[in-house]
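Good morning, colleagues. Please take a moment to look at the complex on the screen, and I shall then go through some of its contacts.

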Amino acid sequence: MVDVMITIDKKLCKGCNICTEFCPHQVYEESGTLNKKGVHVPTPEHEERCTKCQICSLLCPDQAIQVDEDDES
Amino acid sequence: MEKTRENRFIKYLRKDRLPNIFCAGCGNGIVMNTFFNGMEMAQISMEDVVMVSGIGCSSRIPGYVKCDSLHTTHGRPISFATGLKLANPDMNVVVFSGDGDTAAIGGNHLIHGARRNMDLTVICINNSIYGMTGGQISPTSPHGSYGSTAPYGSLENPFDLSKLVTAAGASYVARWTTAHPLQLSSAIKKGLKNRGFSFIEVVSQCPTYFGRKNRMRSPIDMMRWMKEESVVKRKADGMDESELVGKIIVGDFHKKEAPEFTERICQLSSEQCPPEKPSAIRSAYRGDSSA
């Protein structure tokens, strides 16, 4: 069961991929597709591995990541 | 509680100014996050914080934050902050500046701020290069590093800012890199809580200029380099000098209790102007309307 919801703001992300590199559990994957602004926005492919350590939201230089508890599941 | 699905630090930022102007992967955004995190850890409200900055990429940070801020002339943020702190000693005055600001043009202001032991928190974002003006070598560029003014490698020896400020008389000195966000947050917390001159040097990445010219093109390469090359102070103390060449020594460098300048000046004004004597000086410093 996934109980974590990771939101990436596509308007703020600049595609530096610091989150993909520094997530201790490799939750993020580089995306192969470009968005409207020409940025490869990473995707949280493995949300089930997330431990809510919040390192990604602390390391994101553009304040684009939020890690929440998923209240929908 | 309603969830906004926004980053937890967005509430401190001016949303209409986002996305920020920094390059993809710039360390300034990370320093901003760690500052908010440290401020939350120190339980200080944004209402009590004043941010002062000089000129440079890093000095654009206060412009994005919802707080009182002062964007000053190049190299002089510590002088302006000194005036601010003396005018209102209750505020937490935080200076955000880069290595060009603190080490080059404002080196004098830095050492004199430290000498007076003013109650300021100076966060120096050291990216080892002049990023805003096109990648010139700065006083903190490592020996042998390349820049647009050093195509054959820098021949100068860099400043060790933390040692300089310790020698000048600061009461709290720490150095971390942007690859250590949690340690940096707790250093910022300690700096904000400390009564006296707190200097936090953040070794940061500039992938656009420093990275591109020094074979570390991406922010990830730069952060990996900082993480691998950093040695904690406790471990570095037992190591030989030859082993530490090219390493970044991180950790808490110095902490001591020392008399603080604002307190001294308030004490002087109350000693020299006893309550029976009405005085403009006392009312200026203590906010006594009865005088």
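I begin with one residue of chain B. Val95(B) touches Val52(B), Pro77(B), Ile78(B), Ala81(B), Leu120(B), Val122(B) and Ile123(B), leaving out residues up to four places away in sequence. Contact here means that the C-beta atoms of two residues, placed from the backbone, lie within 7 Å.

Before going further, a word on conventions. This is a predicted model, in which local features need pLDDT of at least 70 and side-chain atom pairs count only at pLDDT 80 or more, while totals for chains, interfaces and linings use all residues. Residues are numbered from 1 along each chain as its sequence is written, and chains are lettered from A and ligands numbered from 1 in the order in which they are written. The pLDDT is the predictor's confidence in each residue, from 0 to 100; its mean for chain B is 91, and 94% of the residues of that chain reach 70 or more. For the complex, the predictor gives an ipTM of 0.92 and a pTM of 0.92.

Where does Val95(B) stand in the largest nonpolar core? That core has 73 residues, and Val95(B) is among those with the most contacts inside it, together with Cys19(A), Ile123(B), Phe199(B) and Val202(B). A nonpolar core is a set of buried Ala, Val, Leu, Ile, Met, Phe, Trp, Tyr and Cys residues joined through C-beta atoms within 7 Å. A residue is buried if 20 or more other C-beta atoms lie within 10 Å of its own, exposed if 12 or fewer, and partly exposed in between. H1(B) gives the most to this core, with six residues. Apart from it lies another core, of six residues, including Ile129(B), Cys206(B), Tyr209(B) and Phe210(B).

Helices (H or I, at least four residues) and strands (E, at least two) are DSSP runs, numbered from the N terminus.

I turn to the interface. Here 25 residues of chain B are in contact with 21 residues of chain A. On the chain B side, helix H1 (27-41) and helix H8 (219-229) each supply at least two residues, and H1(B) gives the largest share, six residues.

From chain A, consider Ser57(A), which lies in helix H2 of that chain, residues 55-59. Is Ser57(A) buried or exposed? It is buried, with 22 other C-beta atoms within 10 Å. Not counting residues up to four places away in sequence, Ser57(A) touches Ile65(A), Gln66(A), Val67(A), Asn7(B) and Arg8(B). The C-alpha atoms of Ser57(A) and Val67(A), ten residues apart along the chain, are separated by 7.2 Å.

Finally, chain B as a whole. It has eleven helices and ten strands, and buried residues make up 46% of its 291 residues. Its C-alpha atoms fill a box of roughly 70 × 50 × 35 Å, taken along the principal axes. Thank you.
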